Amino acid sequence: MAHQRICVFAVILVWGCLASSSYHTSVAPPQDLQITDPGLLGSLDVEWKPPLNVQTFNECTVKYKFEYRNAGDRDWKVIFTRKLKFRVGFDLSRTAEAKVQTLLEGRCTDDVEVQSEWIHATFQVPLQGKLESEVKDFHCIYHDWEYLKCTWQPGLLAPRGVHYGLYYWYEGLDHAEQCDDYIQDHGINIGCMLQNLSQAEYKDLTICVNGSAAATLLRPLYVTVRLQNLAKPSPPEGLVVSVSGSEELRVTWSPPGGETPPQCLEYELQLAEDRGDARAAWESVSTQMETAFTIPRANQSRVSCVRVRGRTNNFCADQGFWSEWTQECFSVSRKEDKQLFILVPVILSFSCSLIIFMLIGQCKKR
C-alpha cells in the first residue's frame with residue numbers, strides 16, 4: 001500500500017514538473033499595432049513590433065497570428081506569419097479592424113504552443129456627406145476578358161451639375177489611377193471603360209467612385225472586385241446542327257472570340273420542343289465544358305430549335321456572367337418529313353415521265 005502511494009506521488013510530481021516548465025512560460029503580446037492608409041483605395045498597411053521579451057526565447061520559434069476584417073463582418077481573415085507588416089484590403093466605407101498575438105513554441109515551452117494576449121487596432125476614413133448622396137446601382141462587367149465596364153447612377157441627394165470620378169488600384173501599380181474613358185449622360189459621368197487590365201486578373205482590384213458638387217459633400221463609394229468573377233464572354237460561334245447516319249442530332253460550336261481563355265469556359269445547351277399550336281418551351285439539357293453534344297434519336301423527334309451560351313467555369317472563377325444566347329435557330333426536320341421530302345421528287349419525276357409518254361403517243365397517232 002505504501003509502495004502504491006509512493007508511485008502515485010512520483011507520477012504527480014513528474015506531471016507537476018512538466019506542467020510548471022511549460023505552463024509557467026509566458027510571452028508578451030506584440031507592440032504598437034498600427035493601421036495606416038497609403039492612399040490605395042482600401043489597401044491598408046498593418047504593422048507591429050516584436051514583444052519586449054522576445055530575445056529571451058532563443059530556443060523557441062516566435063510567430064504571430066494576425067486577423068483582420070471590416071466592422072460588421074462575421075468572420076475574421078487569418079494569417080500565420082513571422083513578418084511584422086502586411087498590406088491587406090478593406091472596405092473603407094466601414095471601420096477596419098485588426099488584431100495580433102504572439103505564438104511561442106519550441107524547447108523553451110516543451111513544444112507546447114504558448115499564446116500571448118491580443119492587441120487590437122482600428123482605422124476609419126472620415127466619411128463625408130450623407131449615405132443617400134453615394135452613387136447607386138454600381139455594376140461592373142469584364143467583357144471577353146478585354147475591358148471592364150462599370151456603370152452607376154447619381155445618388156438620391158446628388159445635386160445638378162455633380163461631377164463623378166472613378167479611381168482604381170491593384171497590386172503592381174505605384175499609385176491609384178483615374179479613369180480616362182468615361183460614359184456620360186447629359187454631361188454627367190455615369191460609367192467608365194477600363195482597358196488593359198490583364199495584370200489585375202486574380203488580384204484585388206479596388207475602386208472608388210467619388211463625387212464633387214458646389215457646396216455639397218458627397219459620400220464616396222469603395223468597392224473591391226476580382227475581374228475573373230465579373231467576366232462575361234461573347235456568345236459561342238459557329239453553331240452547327242447536323243444529323244448523323246444513325247439519325248442522331250449532332251450539335252457543335254466554337255468558343256467565342258476575344259481574350260476569354262477557352263479552357264475557362266463552360267456551356268449550357270437548350271432545346272426547344274415543338275408543341276404544335278402551343279408556344280415552344282426551352283429546356284436545358286446540358287451544362288458542360290465540351291463544344292459538342294449528341295442528342296439521341298429517341299429524344300430528338302420533337303426538337304425544333306437549339307441554342308448555346310457560355311460563362312467562366314469554376315476552375316477559373318468563383319462566379320461569372322452568362323453570355324447571350326446564340327442567335328441562330330436551326331429547324332430540325334422529323335424523320336417522316338425527311339421521307340416525304342425524298343418521295344416528292346420521285347413522284348414529280350414519275351408524273352413528268354408519264355406526261356411526256358402520253359404526249360409522244362398522241363403525236364404518233366397523228
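Strands S3 and S4, the latter spanning residues 77-81, pair in the antiparallel sense over five bridges. Two strands are said to pair if DSSP finds at least two bridges between them. Within this pairing, Tyr 68 stands opposite Lys 77 in S4. The hairpin of S3 and S4 has six residues between the strands, and there Gly 72 takes a positive phi near 100 degrees.

Before I continue, please note that this is a predicted model, in which local features need pLDDT of at least 70 and side-chain atom pairs count only at pLDDT 80 or more, whereas totals for chains, interfaces and linings use all residues. Residues are numbered from 1 along each chain as its sequence is written, and side-chain values use heavy atoms, with hydrogens and water left out.

Thr 61 has Glu 105 in S6 as its bridge partner.

I turn now to the aromatic residues. The structure holds nine aromatic pairs; rings of Phe, Tyr and Trp (its six-membered ring) pair if their centres lie within 6.5 Å, and planes under 30 degrees apart count as stacked, over 60 as edge-to-face and the rest as tilted. The pair of Trp 48 and Phe 66 is tilted, because the ring centres are 5.4 Å apart and the planes stand at 40 degrees. Distant parts of the chain are linked by this pair: Trp 48 belongs to strand S2 (residues 43-49) and Phe 66 to strand S3 (residues 60-70), 18 residues apart.

Are these two residues buried or exposed? Buried means under 20% relative accessible area, exposed over 50%, and partly exposed in between, with a 1.4 Å probe and protein chains only. Trp 48 has a relative accessible area of 4% and is therefore buried; Phe 66, at 0%, is buried as well. A further pair, Tyr 142 and Trp 145, has ring centres 6.1 Å apart and planes at 45 degrees, so this pair is tilted. Both Tyr 142 and Trp 145 are buried.

Arg 307 is placed over two rings. It lies over the face of Trp 282, at 3.9 Å from the ring centre, and its charged end sits over the ring of Trp 325, 4.3 Å from the centre. The criterion is that NZ of Lys or CZ of Arg is within 6 Å of the ring centre and within 35 degrees of the ring normal.

Next, an open sheet. Three strands form it in the order S18-S19-S22, with antiparallel pairing. Strand S18 (237-243) and strand S22 (292-295) stand at the edges with a single partner strand each, so one side of each is left without a neighbour in the sheet. Strand S19, residues 249-254, pairs with S22 over four bridges, and Leu 249 stands opposite Ile 295 in S22.

Finally, the chain as a whole. The protein chain has two helices and 23 strands, and 38% of its 366 residues count as buried. Where contact means heavy atoms within 4.5 Å, 62% of the contacts between residues at least 6 apart in sequence join residues at least 24 apart.
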